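Here's a quick briefing to read with the model open beside you. Take it topic by topic and find each spot as you go.

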Amino acid sequence: MHKQADRKRIWICRTAGLCLVLLLFCCLGGAVWAETVAPRGVLLIGDDLDYPPYSYLDENGQPAGFNIAVARAVAEELGYEPVFVLDTWAQTVRSLEDGDIDVISGMFHSPERLERYDFTVRHTVASGDVFARAGEPVGSLEDLAGRTVAVQEGDILDEFMTARDPDVRLVRVPTVSKALEWVADGRADAAVLLRAPARYRISSGGLDGVVGQGLMLSPRDYAMAVRKGDDRLLHELNEGLLLLNTSGLYGDIYDQWLGVYEPPDPAIDLRRFFLVLGILGALAALMTGWVYLLRRAVAARTRELLEAYDQLQAGEEELRAANDDLSSSYGQLSAAEEALREQYEEAEAGRLELVRS
């Protein structure tokens, strides 16, 4: 009876343990499925409504642009449903700070912004330029002293110009298009804007009378931004950007949206040309020096070989002379030996004659 009771208790314990293990596997499987298959939810993504080719509303009123394409691809990689909220830049920044959106798909770094937001790894780099009417060239920011300059409100170049505290009258407008229109109709003497958005609006908006001056102002890293301290989302976005870059999709998005609107900068090309020229010159100098040293080494070695050859010939001549002397001495010795033999034979013959007599 006791043995039957013990077996029954053992069977009950084993069954309970097996059920516990199965339950644990089900829980783990459900967690993995929820993490990898089920969507994580909606990701609210904000950006500028008039900042092509980075972000804007297309002819159908739908979000479009480089930032939008990158953010959508990152969200899909992470299992989020992306929902875009485009507004003026100033309102977009306020929405992030107020928690109305989760992330801004494109924001430039600055020391002040790093204190207020956390940034992902950069997904591109961009710089600004001065845009003025054709025939009114601007060679530097100092040429704008005393003049009216339009900037986009809250943009990185608004911060850049404000920090420089130039002797200009800054006019803040909500969009890049407005800033260029102010220059075109004479309400502003120039505009300080990001190169790609300004060039896009000039080419698509019939503003041929406004031209960039070829200045490279405030090159900055461009990245996704979240509220300060939102580490979980920041790490996820960095992971998504890494996956995008590894798969090659980032390169396709860049070529599609920025390949056309980021033509090579002449100043950069000129610097690269002189850099390459300097490298080639240094290599040529190194090669010339190496050939010179090689020639000197070959000449010195040749002289050494010629001297050794001359010494070898002199030794050979001395050896030949010694051999001749030795041959002469050997001949003399042989002649003396022959004469001595003849004398011995004559003496022996004389001795025999004496014996007979």
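Patches here are made of residues with over 30% relative accessible area and no salt bridge, where like charges are joined within 9 Å and nonpolar side chains (Val, Leu, Ile, Met, Phe, Trp, Tyr) within 5 Å. Accessible areas come from the Shrake-Rupley method with a 1.4 Å probe, and for residues only the protein chains shown count as cover. A salt bridge is a side-chain nitrogen of Lys or Arg within 4 Å of a carboxyl oxygen of Asp or Glu.

This is a predicted model, so local features need pLDDT of at least 70 and side-chain atom pairs count only at pLDDT 80 or more, while totals for chains, interfaces and linings use all residues. Residues are numbered from 1 along each chain as its sequence is written, and side-chain values use heavy atoms, leaving out hydrogens and water.

**A nonpolar patch**

- M287, W290, V291, L294 and V298 make a nonpolar surface patch of about 480 Å².
- W290 sits in helix α10 (residues 266–356); helices (H or I, at least four residues) and strands (E, at least two) are DSSP runs, numbered from the N terminus.
- W290 counts as exposed because its relative accessibility is 52% (buried is under 20%, exposed over 50%, partly exposed in between, with a 1.4 Å probe and protein chains only).

**Two crossing helices**

- Helix α8 (residues 231–247) and helix α9 (residues 249–257) have axes that come within 4 Å and cross at roughly 85 degrees. Axes are lines fitted to C-alpha atoms, for helices over the stretch in contact, and angles run from 0 to 180 degrees between N-to-C directions.
- That makes α8 roughly perpendicular to α9 (under 35 degrees is roughly parallel, over 145 roughly antiparallel, 65 to 115 roughly perpendicular and the rest oblique).
- L244, N245 and S247 of α8 meet L249, Y250 and I253 of α9, with contact meaning heavy atoms within 4.5 Å.

**Salt bridges**

- The count comes to 13 salt bridges.
- One of them joins R113 and E159, with the closest N and O atoms 3.0 Å apart. R113 lies in helix α4 (residues 111–116) and E159 in helix α5 (residues 156–164), so the pair ties together parts that are 46 residues apart in sequence.
- R113 is buried at 3% relative accessible area, whereas E159 is partly exposed at 24%.
- R133 pairs with E136 at 3.2 Å between the closest N and O atoms, and R133, E136 and D189 are linked in a network of salt bridges.
- K178 and E181 form a salt bridge too (4.0 Å, N to O); both lie in helix α6 (residues 176–184), 3 residues apart, about one turn of the helix.
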